[in-house]
Amino acid sequence: MPKMRKKSDLPTKTCAACGLPFTWRKKWARDWENVRYCSDRCRSGKTHAPR
C-alpha cells in the first residue's frame, strides 16, 4: 500500500473561475493537468465575478 501523504504535501492549483486555491484529489489523478476548476459550480460559470 502506498505511503500516506499530508494534505499540505499535495500539489495545488488556482481555480480559473473563483481564483481560490484547491488541492489535488484522487479522482483527478489521471487528468490533473487539465483540471481548471475547484468544483462543478465554478465549472458551470454561474458563480459570482472572478476575484
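**Labels and their grounds**

Modeller: Start with arginine 36, which is found in the loop between β2 and α1. The model is predicted.

Biologist: Why is arginine 36 called partly exposed?

Modeller: Its relative accessible area is 49%. Buried means under 20% and exposed means over 50%. Arginine 36 falls in between, so it counts as partly exposed.

Biologist: How confident is the predictor in the chain?

Modeller: The mean pLDDT is 85, and 84% of the residues reach 70 or more. Where pLDDT is low, the predicted coordinates should not be read in detail.

Biologist: Which elements does the chain have, and in what order?

Modeller: There are one helix and two strands. From the N terminus on, they run β-β-α.

Biologist: What makes glutamate 33 exposed?

Modeller: Its relative accessible area is 64%. The cut-off for exposed is over 50%, so glutamate 33 passes. Its place is in the loop between β2 (21-23) and α1. Lysine 13 is 20 residues away in sequence and 9.9 Å away in space, C-alpha to C-alpha.

Biologist: And proline 21, buried or exposed?

Modeller: Exposed: its relative accessibility is 63%, against a limit of over 50%. Proline 21 lies in strand β2. Proline 21 and cysteine 38 are 17 residues apart in sequence and 7.9 Å apart in space, C-alpha to C-alpha.

Biologist: How much of the chain counts as buried?

Modeller: Of the 51 residues, 18%.

Biologist: How do you know that phenylalanine 22 and tryptophan 28 belong to that buried class?

Modeller: Phenylalanine 22 has a relative accessible area of 8%. Tryptophan 28 has 13% relative accessibility. Each value is under 20%, so both residues count as buried.

Biologist: How many aromatic pairs are there?

Modeller: The count comes to three.

Biologist: Why is the pair of phenylalanine 22 and tryptophan 28 called edge-to-face?

Modeller: The ring centres are 5.5 Å apart, within the 6.5 Å limit, so the rings pair. Phe22, Trp28 and Trp32 form one aromatic cluster.

Biologist: How do you know that a charge sits over the ring of tryptophan 32?

Modeller: The charged end of lysine 13 is 4.6 Å from the ring centre. The distance limit is within 6 Å, so lysine 13 meets it. An angle limit, within 35 degrees of the ring normal, applies too.

Biologist: Which residue lies over the face of tryptophan 28?

Modeller: Arginine 25, at 5.2 Å from the ring centre.

Biologist: What is the volume of the second largest pocket, and which residues line it?

Modeller: About 180 Å³ of space lies in the second largest pocket. Its lining includes Arg25, Trp28, Arg36 and Cys38.

Biologist: What makes up that lining by class?

Modeller: Four nonpolar, one polar and five charged residues. Trp and Cys count as nonpolar and Arg as charged, so Trp28 and Cys38 go with the nonpolar group, and Arg25 and Arg36 with the charged group.

Conventions:
Residues numbered from 1 in each chain as written. Predicted model: local features only at pLDDT ≥ 70, side-chain atom pairs only at ≥ 80, totals over all residues. Heavy atoms only, no water. pLDDT = per-residue confidence, 0-100. Phe/Tyr/Trp six-rings, centres within 6.5 Å; stacked < 30°, edge-to-face > 60°. Buried < 20%, exposed > 50% of the residue type's maximum accessible area, 1.4 Å probe, protein only. 1 Å grid on protein atoms, 1.4 Å probe; cavity = no way out; pocket = protein on both sides within 12 Å on 5 of 7 lines; lining within 4 Å. Points joined across faces, edges and corners; volume = space filled by probe spheres on them. Helix = DSSP H or I, 4+ residues; strand = E, 2+ residues; numbered from the N terminus.
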